[in-house]
Amino acid sequence: MIIIKSPREIELMRKAGEVVGKVFNALEGNIKPGMSTLDVANIAEKVIRDNGAYPTFLNYSGFPGAVCVSVNDELVHGIPSKKRILRDGDIVSVDVGATLNGYVGDACRTYPVGIVKESVLRLIEVTRESFFEGCKFARPGAHLGDISHAIQAYCEAHGYSLPREYTGHGVGSSLHEDPYIPNYGVAGTGPILKEGMCLAVEPMVNEGHFALRVMKDGWTARTRDGKLSCHYENSIVITKDGYEILTQAKKEED
């Protein structure tokens with residue numbers, strides 16, 4: 001069942017989303033070679049807690065980190081570690097959840113570390129743009145499959161692939177609510193979107209084949225071919241005229 005949020009609930013989700021945006025403000029331009037993935041997670045956790053929120057992912061289904069920090073061929077659920085050191089030319093995806101007053105903000109950004117190849121910047125940009133291509137259909141009366149199809153069409157037109165195992169989802173007082181939101185699909189299918197639905201739309205895009213493998217830690221998902229993976233996500237609410245991003249950083253608005 002897809003939960004329609006009240007204006008009060010949407011305002012609470014805005015506040016949670018603002019905390020997530022503040023995390024991205026703190027990370028932007030401050031992820032450097034030589035940092036560990038735990039250093040990155042510690043920055044994020046401090047911002048979350050300093051703003052009166054709780055890191056949603058910490059102990060969620062047993063996950064041991066405050067946020068997910070995934071490097072290079074890691075798609076999602078990278079566990080922060082002081083032993084995992086970022087190097088010049090890497091990319092790092094930081095997936096952030098913040099719970100404030102009982103409601104969740106959930107979003108992800110992928111950052112280049114130091115100087116990266118032009119092809120890497122292209123992957124990051126296409127992943128980001130695919131979110132906005134999908135959200136062209138985030139409006140009342142559209143089908144959920146319209147969002148999924150638009151993301152897939154845009155990424156595949158640029159030569160990338162979309163993993164099948166991980167999807168976006170509804171979000172609200174719980175991190176994961178109905179519906180599942182695949183990054184692939186058929187236009188004109190799936191639930192019809194309605195005002196007040198809150199969705200975490202999150203393109204996860206592979207440079208090579210879409211096949212994945214999960215590591216022995218039981219969490220970290222990596223590409224089977226070892227090629228790069230990229231992740232961009234926002235929590236949004238369907239409005240009467242379209243959609244509103246709830247997790248946007250101030251620096252991204254400028």
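Me: Which residues does Ile147 touch, not counting residues up to four places away in sequence?

Reply: Ile147 is in contact (heavy atoms within 4.5 Å) with Gly134, Phe137, Ala138, Leu193 and Val201, once residues up to four places away in sequence are set aside. Please keep in mind that this is a predicted model, in which local features need pLDDT of at least 70, side-chain atom pairs count only at pLDDT 80 or more, and totals for chains, interfaces and linings use all residues. Residues are numbered from 1 along each chain as its sequence is written, and side-chain values use heavy atoms, with hydrogens and water left out.

Me: OK, and how many residues has the largest nonpolar core?

Reply: It has 28 residues, and Ile147 is among those with the most contacts inside it, together with Phe131, Leu193, Leu199, Val201, Ile236 and Ile238. A nonpolar core here is a set of buried Ala, Val, Leu, Ile, Met, Phe, Trp, Tyr and Cys residues joined through side-chain atoms within 4.5 Å, where buried means under 20% relative accessible area, with a 1.4 Å probe and protein chains only.

Me: Which element gives the largest share of this core?

Reply: That is H3, with six residues; helix H3 (118–135), helix H4 (144–157), strand E8 (198–201) and strand E13 (234–238) each supply at least two. Helices (H or I, at least four residues) and strands (E, at least two) are DSSP runs, numbered from the N terminus.

Me: Switching topic, where does Leu75 lie?

Reply: Leu75 lies in strand E3, residues 74–76, and is buried, with a relative accessible area of 1%. Its contacts beyond four places in sequence include Pro163, Tyr166, Met204, Ala221 and Cys230.

Me: And what sheet does E3 belong to, in which order?

Reply: E3 belongs to an open sheet of three strands, in the order E3-E11-E10, with antiparallel pairing; strands pair if DSSP finds at least two bridges between them. E3 and strand E10 (212–214) are the edge strands, each pairing on one side only. E3 pairs with strand E11 (residues 221–223) over two bridges, and Val76 has Ala221 as its bridge partner in E11.

Methods: Buried means under 20% relative accessible area, exposed over 50%, partly exposed in between (1.4 Å probe, protein chains only).
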